[in-house]
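Please have the viewer open as you read.

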Amino acid sequence: MTPRARIAILAVAVAALVAAFFVARGTDDDSSNDRQAETPTVTVTAPPGDTAATAPSSTTTTPARTAAPPVPVVAVVGGRPQGGIKKLSFDKGDQIRFKVRSDTADEVHVHGYDLEKAVPAGGTATFSFPGRIDGRFEVELHHSGQQIASLEVQP
């Protein structure tokens, strides 16, 4: 075996190990949700005149993960929505998500979707449901009848 062939085989083996390391390494970092993971390009070039030892170049990318939008919170103080009636806007087909924090116990009712959840004094009620019906709907404290939010689902 010629010295050139040995160098070419060694270069291909090193390139394969480097690529395997980056692929196997992955990531356990939670902050990676907001950035795109990318496997580096590894190109090995054989000595001049030896074309059999060139490793193919490859780049592998994965789509960036987008962070979920923040969940809107409707704060209820003294039985009234803090800062006025909160407007919640979503598109039809979206997963509708919001929370109601209240200093008084009551039941939160989402009209149109006919959903109701208890919210304890000093507690939170969390809503998550598919936006299948478009329109504008009241969200109210059921027992007091106080509107706390307006849910708008765009077609």
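## Ground rules

A residue counts as buried under 20% relative accessible area, as exposed over 50%, and as partly exposed in between, using a 1.4 Å probe and protein chains only. By that definition, Y113 and F137 are both buried.

The model is predicted, so to speak of local features a pLDDT of at least 70 is needed, side-chain atom pairs count only at pLDDT 80 or more, and totals for chains, interfaces and linings use all residues. Residues are numbered from 1 along each chain as its sequence is written, and side-chain values use heavy atoms, with hydrogens and water left out.

Strands are DSSP runs of E with at least two residues, numbered from the N terminus, and two of them pair if DSSP finds at least two bridges between them.

β7 (residues 106-110) pairs with β8 in the antiparallel sense over 5 bridges, and D106 stands opposite V119 in β8. On to β10 (residues 135-141): 3 bridges join this strand to β7, and the two run antiparallel. Here H109 stands opposite E140, while in β11 the bridge partner of E140 is Q147. β10 and β11 (residues 146-154) are antiparallel over 7 bridges and form a hairpin with 4 residues between them, where G145 in the turn has a positive phi of about 75°.

## The four-strand sheet

Another open sheet, of 4 strands, has the order β4-β3-β6-β9 and mixed pairing. β4 (80-81) and β9 (123-130) form its edges, each with a single partner strand, so one side of each is left without a neighbour in the sheet. β3 (residues 73-77) and β6 (residues 95-102) pair in the parallel sense over 4 bridges, with V73 opposite K99.

## Aromatic rings

Rings of Phe, Tyr and Trp (its six-membered ring) pair if their centres lie within 6.5 Å; planes under 30 degrees apart are stacked, over 60 edge-to-face, and the rest tilted. The whole structure holds 3 aromatic pairs. F98 and F127 are stacked, at 4.9 Å centre to centre and 15° between the planes. F98 belongs to β6 and F127 to β9, so this pair ties together parts 29 residues apart in sequence. Both F98 and F127 are buried.

Ring pairs link Y113, F129 and F137 into a cluster.
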